[in-house]
Amino acid sequence: MPHIDVKTTTRRYGIHVEPGLLGRLGELVRAVAPHGSAMLAVDTKVLEDYGKPARQSLEQAGYEMRLHELVAEERSKTLDVVMQMYEAMLAARLERRSPLIALGGGVVGDTAGLVAATYLRGVPLVQVPTTLLAMVDASIGGKTGVNFPLPVTAGGTAEIGKNLIGSFWQPHVVIADPETLRTLDPRQLRCGIAECIKHGVIADQDLLGFIEREADRIIGLDMDVLTQLIVRSAAVKVAIVEEDEREIGRRALLNLGHTFGHVIEPIEELQLHHGEAVAVGMVAASHCAVARGMMDGEDAQRLATLLERIGLPTVLTQPVGSQRLIDAMGYDKKVASGRVRLILPTGLGAARVVDDVDPATIRDAWLAVGAD
Ligand SMILES: NC(=O)c1ccc[n+]([C@@H]2O[C@H](COP(=O)([O-])OP(=O)(O)OC[C@H]3O[C@@H](n4cnc5c(N)ncnc54)[C@H](O)[C@@H]3O)[C@@H](O)[C@H]2O)c1
C-alpha cells in the first residue's frame with residue numbers, strides 16, 4: 001500500500017493511502033495503539049457512510065468503542081466542544097493509552113487533535129481524514145487547535161481568530177482512504193485541490209504539472225490519480241514538517257495564501273470555504289511577489305489559470321474594504337514583531353518568507369483581488 005514514513009522529533013509515524021483502507025482501520029490502529037478501549041470522534045455527516053464501518057472494523061480488532069459525534073463547521077471549532085469531548089472521555093473512563101480516532105475533515109482532526117494532545121496530558125491520536133484537504137494537509141504534521149474570539153475592534157465587530165488556541169501533537173498514524181472522497185461535495189474537493197496546488201507552488205513544480213495534466217481525472221475522482229495526488233501532495237508537507245516541526249523556519253511556507261486567506265475566510269458575506277480563501281490568498285501573494293520582482297508575471301498567470309481551471313475563486317466574490325482586511329491581518333499568528341510576514345512565491349516550486357512588504361504593496365494586492 002502507498003505509504004509515507006514521517007520522522008519528527010516527537011514521533012515517527014506512517015501515512016497510509018489506499019482506496020478501501022477504511023475496512024482495515026482496526027488492524028492499522030491496533031498496530032500503533034493496542035489498548036482495549038478507544039474513542040471514535042466522528043463528523044456527523046460521515047457517520048452513516050464511514051463511522052459505522054469504521055466502528056465495526058475497530059470492534060473486530062478488539063477495541064471497546066465509544067463514539068462521539070462532532071458537527072464539522074468552522075464555528076464549532078471551539079473550546080466548548082473540546083470540553084464536551086473531555087467530559088465524554090472521562091465518563092467513558094478512557095485512559096492514557098486509549099487511542100482517540102478522528103474520522104472526518106480538518107475541523108474534526110484539529111479539534112480532536114487538541115483533545116488528544118491535552119486529555120490526561122496526551123493520548124494516541126489516529127487521523128482518518130475524509131476530505132482531500134485533510135488528507136494532504138490538516139491530518140499531517142501535528143498542528144491541532146480551535147478558534148477563539150479576537151478582542152472587539154473599535155468598529156464594534158467581534159471576529160474569530162483562526163486556530164489561536166492549540167498545540168503540536170503528532171498523530172500515531174494517518175489513514176487516508178480516497179474512496180471516502182466519493183461523497184464529498186465537489187466544492188470541498190476543489191478546496192483540497194487548492195492545498196495540493198499550494199504544495200506544488202512552494203516546493204514541487206512537477207506536482208503542479210501533474211495537476212494541470214490530470215485535472216479532469218482528479219475532478220472525476222479517478223482513484224488511481226487521486227491516490228497519486230494525495231501521496232505526492234502529502235509528501236511535500238511531510239518533507240517540510242520533518243525539516244521544521246515547530247514552524248521556526250521553513251514550515252511557514254505552508255502558509256502561502258493563508259495570511260491573506262485567514263482574514264477573508266471568516267467574513268460572512270463572502271461565504272468562502274477555507275481552500276477557496278487560500279486560493280484567493282495565493283493570487284494576492286503572487287501579486288505581491290510580482291510587484292517585488294520575485295516572480296514572473298507569466299508564472300503568476302499560470303497559477304491563476306490553474307486555479308480557475310479547477311473552479312476555484314481567484315478574486316473576492318464581492319468587494320470588501322481593503323483597510324478592514326489590512327487591519328485584520330494584524331492579528332494573524334504570522335505577525336512577527338509588529339510586521340506582517342508573508343509567504344511569497346519565488347517562481348513556481350519555491351517560496352520564501354518575507355517580512356518587509358510595504359503596506360502599499362499589500363493594499364495593491366488586496367485591490368488586485370477585488371477589494372475596494
Ligand atoms: N492542522 C493543520 O495543519 C491544518 C491544515 C490545514 C487546514 N486545517 C484546518 O482544517 C479545517 C478545514 O478542513 P476541511 O476542509 O477538511 O473541513 P471540514 O472538516 O469542515 O469538512 C468540510 C465539509 O465536508 C464534510 N465532509 C467531510 N468529509 C466528508 C466526506 N467524505 N463526504 C461528505 N462530506 C464530508 C464536513 O462535514 C464538512 O461539512 C479548517 O478548520 C482549517 O483551519 C488544519
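## Ligand shell

A residue counts as near a molecule when one of its heavy atoms lies within 4 Å of it. Around the ligand there are 25 such residues, the closest being D43, K77, G106, T131 and T183. The model is predicted: local features need pLDDT of at least 70, side-chain atom pairs count only at pLDDT 80 or more, and totals for chains, interfaces and linings use all residues. Numbering starts from 1 along each chain as its sequence is written, and side-chain values use heavy atoms, without hydrogens and water.

By class, the shell holds 7 nonpolar, 9 polar and 9 charged residues. Here Gly counts as polar, and Asp, Glu, Lys and Arg count as charged.

## Polar atoms at the ligand

The side chain of K45 places an N or O atom 2.7 Å from a ligand oxygen. N163 has a polar side-chain atom 3.2 Å from an oxygen atom of the ligand. A polar backbone atom of A138 lies 3.4 Å from a ligand nitrogen. The protein covers 91% of the 860 Å² of accessible area that the ligand has on its own (Shrake-Rupley method, 1.4 Å probe). Elements giving two or more residues to the shell are α4 (106–118), α5 (132–138) and β8 (160–168); helices (H or I, at least four residues) and strands (E, at least two) are DSSP runs, numbered from the N terminus.

## Strand β8

K162 lies in strand β8. K162 is buried, at 10% relative accessibility (buried is under 20%, exposed over 50%, partly exposed in between, with a 1.4 Å probe and protein chains only). The side chains of K162 and E74 make a polar contact of 3.0 Å (N or O atoms within 3.5 Å, one able to donate a hydrogen and the other to accept it).

I165 also lies in strand β8, but I165 is partly exposed at 31%.

## Salt bridges

Side chains of opposite charge can pair when their charged atoms come close. The whole structure has 22 salt bridges (a Lys or Arg side-chain nitrogen within 4 Å of an Asp or Glu carboxyl oxygen). E74, K77, D110, K162 and E265 are linked in a network of them.

R55 pairs with E59 at 3.1 Å. Both lie in helix α2 (residues 47–60), 4 residues apart. E276 pairs with R187 at 2.6 Å. That pair links distant parts of the chain, helix α10 and helix α6, 89 residues apart. E276 is buried at 8%, whereas R187 is partly exposed at 28%.
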